2 protein chains.
Amino acid sequence: MPLRITDEIKQTRPFASKSAEAAVALMRTADLVRRAIGGVVENAGITLQQYNVLRILRGSGPKGLPTLEIAERMIEQAPGITRLIDRLEAKHLVARERCSTDRRQVFCCITTEGLGLLDSLNEPMRSVEASALGTLCEEHVSQLLGILDTTREAIHAAMTTSPQANHQPRSSHR
Amino acid sequence: MPLRITDEIKQTRPFASKSAEAAVALMRTADLVRRAIGGVVENAGITLQQYNVLRILRGSGPKGLPTLEIAERMIEQAPGITRLIDRLEAKHLVARERCSTDRRQVFCCITTEGLGLLDSLNEPMRSVEASALGTLCEEHVSQLLGILDTTREAIHAAMTTSPQANHQPRSSHR
DNA sequence: TCTCAATGATTGACTAATCAACTATTGGTC
DNA sequence: GACCAATAGTTGATTAGTCAATCATTGAGA
């Protein structure tokens with residue numbers, strides 16, 4: 001018997017709207033998935049974001065990708081991409097090289113050591129993903145993917161029409 | 001035409017499994033929702049987590065709640081609950097009082113100022129939630145909630161059976 | 001060719017998250 | 001009543017996230 005989100009966070013008053021309830025459920029579920037997966041990769045001494053970078057670089061050619069191109073492909077926005085990659089470089093999991101044709105760009109690529117680390121995580125990752133989302137039937141997974149696609153679409157649309165609510169003048173609180 | 005997650009992160013190889021794809025889509029979508037909502041509350045000078053605490057305290061009685069009870073109800077796990085509430089107290093949005101019957105506990109409750117701040121956020125929150133998730137039809141929202149419930153259930157189950165993969169001895173990398 | 005805005009990336013300063021270690025208090029149990 | 005594990009919360013040390021400011025390089029125009 002699945003717990004509804006209202007019970008789970010012991011909420012006393014009902015949600016103002018279904019949208020609000022969905023937003024909360026979405027963030028709470030994602031946090032759980034994030035932590036489950038994060039627990040796996042941290043056993044290898046890297047964070048989830050670092051793992052994400054390594055995966056991106058494995059999927060790109062041997063030349064690698066320029067720094068900001070990696071940032072764009074991240075699952076979670078990462079303004080601190082430079083230092084994130086600094087840490088990966090310090091662990092010898094990625095290598096950086098300034099591009100010769102456009103010296104502004106820095107190409108990053110995954111090292112053999114980095115590829116080995118990813119390999120060692122293949123099986124535990126498969127396992128945790130299966131236990132978290134593998135219980136859903138094929139049809140539910142498809143529904144979920146479709147709904148999430150639509151949601152991201154809506155957010156993108158909202159962000160481009162109203163030039164985002166972020167970064168307005170701060171109130172007195174800080 | 002909604003973008004599939006594979007296109008969005010410009011992934012070159014297909015996902016290993018539907019579960020993996022769903023996990024990525026879930027985290028990416030949640031990050032977007034999180035940032036959209038976060039942008040709204042930050043205009044009031046508080047973070048999303050701080051907003052969450054205020055909402056929890058508004059929903060509890062005038063006596064408030066003990067510190068760790070708040071932590072349990074958070075949407076996202078928050079080990080730094082003490083300092084999170086420190087900041088809210090510094091802004092005079094919550095008040096703390098040590099419990100007289102069990103002096104280990106510290107009850108936190110929202111101040112009038114805190115309630116006022118929440119009120120001022122009601123309308124912008126409603127608006128951002130509506131633009132992000134309000135485009136989904138009633139039926140899709142119900143499906144989403146159901147699927148997310150099942151997913152959280154599965155993660156809880158997995159965490160209690162295998163005593164979580166977290167906190168194992170670190171590898172050589174750091 | 002000289003300027004100058006645009007692009008790509010990095011750094012600084014600050015804030016927040018994380019985990020382990022610690023203190024204070026309580027409720028048993030001998 | 002003394003001991004002792006369990007509970008509630010805090011603190012220290014470290015790491016990571018955030019935003020603005022900065023630097024180097026490029027490409028387009030005057």
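1. Starting with the sheet in chain A of this predicted model: S2(A) and strand S3 (residues 106-110) of chain A run antiparallel to each other, with five bridges between them. One contact you can look up by residue is A:Arg98, whose bridge partner in S3(A) is A:Val106.

2. Zooming out a bit, that pair belongs to an open sheet of three strands in chain A, ordered S1-S3-S2 with antiparallel pairing. Strand S1 (65-66) and strand S2 (94-98) of chain A are the edge strands, each pairing on one side only. As a reminder, strands of a sheet pair through backbone hydrogen bonds, either parallel or antiparallel.

3. What lies across the sheet strands? Helix H3 (residues 48-58) of chain A lies across S1, S2 and S3 of chain A, and it runs at about 95° to S3(A).

4. On to the DNA. DNA strand C is surrounded by 20 residues, and the closest are A:Pro66, A:Leu68, A:Gln105, B:Gly80 and B:Arg103. Helix H4 (67-73) and helix H5 (81-90) of chain A, plus helix H5 (81-90) of chain B, each give at least two residues to this surface. H4(A) has the largest share, three residues.

5. Last, the protein-protein side: 78 residues of chain B are in contact with 78 residues of chain A. On chain B, helix H2 (18-42), helix H6 (112-133) and helix H7 (138-161) are the elements giving two or more residues. H2(B) supplies the largest share, 23 residues. By class, chain B's side has 35 nonpolar, 23 polar and 20 charged residues.

Methods
Residues are numbered from 1 along each chain as its sequence is written. Chains are lettered from A and ligands numbered from 1 in the order in which they are written. This is a predicted model: local features need pLDDT of at least 70, side-chain atom pairs count only at pLDDT 80 or more; totals for chains, interfaces and linings use all residues. A residue is near a molecule or strand if its C-beta atom, placed from the backbone, lies within 6 Å of it. Helices (H or I, at least four residues) and strands (E, at least two) are DSSP runs, numbered from the N terminus. Two strands pair if DSSP finds at least two bridges between them. Two residues are in contact if their C-beta atoms, placed from the backbone, lie within 7 Å. Axes are lines fitted to C-alpha atoms, for helices over the stretch in contact, and angles run from 0 to 180 degrees between N-to-C directions. Ala, Val, Leu, Ile, Met, Phe, Trp, Tyr, Cys and Pro count as nonpolar, Asp, Glu, Lys and Arg as charged, and the others, Gly among them, as polar.
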